[in-house]
2 protein chains.
Amino acid sequence: MNLKELSHTLGLSQTTVSRALNGYPEVSEKTRLRIEQAARAHNYRPNTRAKSLATGRAMMIGHVIPMATKHEMVNPIFADFIAGAASTYSARGYEMMLSMVKDSDEMQTYRNLMARMSVDGVILHGPRMDDERIGLLEEIGMPFAVHGRASGHTSPYCWLDVNNKSAFKRATEFLLDLGHKRIALLNGIEGMDFAHRRRTGYGEALGARGIATDPAYMRSDEMTETFGYRSTQDMLAMKTPPTAYLVSSMICAIGVRRAIEDAGLVMGRDVSIVTHDDALSYLRNGDDVPIFTATRSSVRDAGERLADLLLDRIRDPLAPPRQVLLEAELMVGQSTGPAPNRA
Amino acid sequence: MNLKELSHTLGLSQTTVSRALNGYPEVSEKTRLRIEQAARAHNYRPNTRAKSLATGRAMMIGHVIPMATKHEMVNPIFADFIAGAASTYSARGYEMMLSMVKDSDEMQTYRNLMARMSVDGVILHGPRMDDERIGLLEEIGMPFAVHGRASGHTSPYCWLDVNNKSAFKRATEFLLDLGHKRIALLNGIEGMDFAHRRRTGYGEALGARGIATDPAYMRSDEMTETFGYRSTQDMLAMKTPPTAYLVSSMICAIGVRRAIEDAGLVMGRDVSIVTHDDALSYLRNGDDVPIFTATRSSVRDAGERLADLLLDRIRDPLAPPRQVLLEAELMVGQSTGPAPNRA
DNA sequence: ATCGATACCCAAAGCGCTTTGGATTATCAA
DNA sequence: TTGATAATCCAAAGCGCTTTGGGTATCGAT
């Protein structure tokens, strides 16, 4: 059932039916009611593609996920972020389009999305320190919002980020206060903006207590369980192993814990762990008492809020782009304790 | 730059330009080359919505994810499955549309997708034993493919599933062979088809050795770390606790392990664990030697292959719907060992 | 020279919607 | 009664593409 048929059934013009269903005032309440009733009865829905073509709005937001290789890992926070964004879209009448592309194709993908007019805007994931994608999107005039920030980019744009620097500074201070001097940092991939900010916070906290950062205690990689396990195993084998680990994700922290326990040590007594917790739905950090002491910030909320920022921006393109900086909360759990005396 | 402008620039008709770019034979090689060159130079891409409207194909596949509450958990296998499907789509020129809806709205969502003609087909996630969605999709004529199966549905439809029954039967036999008699089952949510099949396999293996299933050793819930931890804690407190756990997901198994180690027991010596491993990219089950003994089947591959099935079905709607049953492989890791003697 | 056949190209009609610019009728004050 | 105003409704022109149903040259064969 399309508009032509529906209006024919009603003995009205397409104009009137369209106006009635879209809430325009030029149609009497009586006929509007009649039209709505008929539309319901025939389960009429306007064809999205025709509507988009006529209005010029796709009512669709693009998320493009670059993958280096076909079997590269999918970022585990991805699902929760997406879920958050999607719930905003559905609340505001938008749809989400997801593309996975080879990362060499990512720039071209944005150009395509723009030229083909298949989306009204995009969310930019995983910004690197000097991210060329932002400049591209500005150049081609594609509305966008960034999950995170790119330190290297100067002109104002729309973003939402956790205050990674302050979170990791605070976490490091917490460990220092417990007497830890050798604190390892298991960070995200080098080049990622968030990883850089976290390292800065860590470094500043150490520096303020007169402790120099030591590359031997620092690792950077994709945040998998295996990365946490391996790195910890390596460091435990040092003459002076760290007494505490500051970790970038729960999954990674699970690996750290496994290495610690494999070595016959007890988490929270022999070795402390603080991790960042994205509050993933399937990986709750305990219920009553947190398992890990953690800097916590819900990535699902981030998705919801960033999507809202983007839709606002699309609605009102001339308003100055908005930024949101979220503070992570430090939740003390069972994974931290005073530095062992013998250390 | 749209088709009208481009063809005007070239001094050709829209017909010819369109045909040239779509590879039709009615245009000379010389002009085709000229047209392609101009298209590239002006970065011309056909407007997707106009193209869809004209061809009647959306070149888009829908995935609808129902959520009971706003903050219900996102299934952790979701990201990897989606990544697999998306890579197939991008290889075959399709896009993916993702909607999250309240689960009370799911049926209506499918009707909408059909009436609005916004997708060419859908992937059905998480089928329950008697899943009403399949009947609906058949009724409204929406092409679909199911990730899993619905035992209650009789008419043939397109699906791809892991042989959950044989996998869990095999895993149970493996534990029985090691001398375990009290084997716990931590299963997925009641009502899910896969959970039912797994329980059947488990039950059959036990039955074949004359062991009756004991509800005290069986739990069913969302497969979170916490669920694994709690269930194991509970069971460890029994007079005769299980000596082995058969678990439905790695994340859940991590919780089981935590409970075991919190109780001062050693995994693989005091207590054995076998888990299903979806081969999630961020949660590798060790590299050389698997941490957990596991029934393994990549959910990312499943996504790729199921998407292929669906696209084939869309291309050739009259062909009989295809089904794929994948066998999981049993990988022996460090989490299993002979049943303790005292048991 | 004439007649197909072939190669190449085009005008115009959709696809299903929104929206502009009236047209028609009802309403009402003067 | 009349002219102005407001209330309803409509025909038709897009949106940017594909595709139908020709049209015009060109060319070899008769």
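This is a predicted model: local features need pLDDT of at least 70, side-chain atom pairs count only at pLDDT 80 or more; totals for chains, interfaces and linings use all residues.
Q: What makes two strands count as a pair?
A: Two strands pair if DSSP finds at least two bridges between them.

Q: Why are strand 2 of chain A and strand 2 of chain B called a pair?
A: The rule asks for at least two bridges. Strand 2 of chain A, residues 95–102, is joined to strand 2 of chain B by 3 bridges. So the two strands pair. They run antiparallel. Within this pairing, Met97(A) has Met97(B) as its bridge partner.

Q: How do you know that strand 9 of chain B pairs with strand 10 of chain B?
A: Count the bridges. There are 4 between strand 9 (residues 272–277) and strand 10 (residues 293–296) of chain B. At least two are needed, so the strands pair. These strands run parallel. Thr275(B) has its bridge partner, Ala294(B), in strand 10.

Q: What makes strand 12 of chain B a partner of strand 10 of chain B?
A: Here 3 bridges join strand 10 to strand 12, residues 329–331. At least two are required, so this is a pair. The direction is antiparallel. Ala294(B) has Met331(B) as its bridge partner in strand 12.

Q: Why is the link between Asp262(B) and Arg257(A) called a salt bridge?
A: The cut-off is 4 Å from a side-chain nitrogen of Lys or Arg to a carboxyl oxygen of Asp or Glu. The distance between Asp262(B) and Arg257(A) is 3.3 Å, N to O. That is within 4 Å, so the name applies. Across the interface of chain B and chain A, the rule finds 2 salt bridges.

Q: How many residue pairs are in polar contact between chain B and chain A?
A: The count is 13, with both residues at pLDDT 80 or more. Several elements give two or more residues to this side of chain B, including helix 4 (48–55) and helix 12 (299–315). Helix 5 of chain B gives the most, with 7 residues. By class, this side has 25 nonpolar, 14 polar and 20 charged residues.

Q: How do you know which residues form the contact between chain B and chain A?
A: Residues are in contact if heavy atoms lie within 4.5 Å. By that test, 59 residues of chain B touch 59 residues of chain A. About 5,200 Å² is buried between the chains, 56% of it on carbon and sulfur atoms. On the chain B side, Arg49(B), Arg116(B) and Tyr282(B) lose the most area, together 14% of what that side buries.

Q: Where do the domains of chain A lie?
A: The assignment gives domain 1 at 3–55, domain 2 at 60–162 + 299–326, and domain 3 at 164–297. The centres of domain 2 and domain 3 of chain A are 28 Å apart, taken over C-alpha atoms. Between these two domains, 16 residues of domain 2 contact 16 residues of domain 3. About 1,500 Å² is buried between them, 53% of it on carbon and sulfur atoms. Met73(A), Met129(A) and Val162(A) supply 33% of the area on the domain 2 side, more than any other three residues.

Q: What polar links join domain 2 and domain 3 of chain A?
A: There are 9 residue pairs in polar contact, both residues at pLDDT 80 or more. The salt bridge count is 0. On the domain 2 side, helix 5 (77–91) and strand 5 (159–162) of chain A give two or more residues. That side has 9 nonpolar, 2 polar and 5 charged residues.

Notes. Residues are numbered from 1 along each chain as its sequence is written. Chains are lettered from A and ligands numbered from 1 in the order in which they are written. Side-chain values use heavy atoms; hydrogens and water are left out. Domain bounds come from an automatic or database domain assignment. Buried area is the accessible area (1.4 Å probe) that two parts lose on being put together, summed over both. A polar contact is a pair of N or O atoms within 3.5 Å; within protein, one must be able to donate a hydrogen and the other to accept it, and residues adjacent in sequence count only if both atoms are side-chain atoms. Ala, Val, Leu, Ile, Met, Phe, Trp, Tyr, Cys and Pro count as nonpolar, Asp, Glu, Lys and Arg as charged, and the others, Gly among them, as polar.
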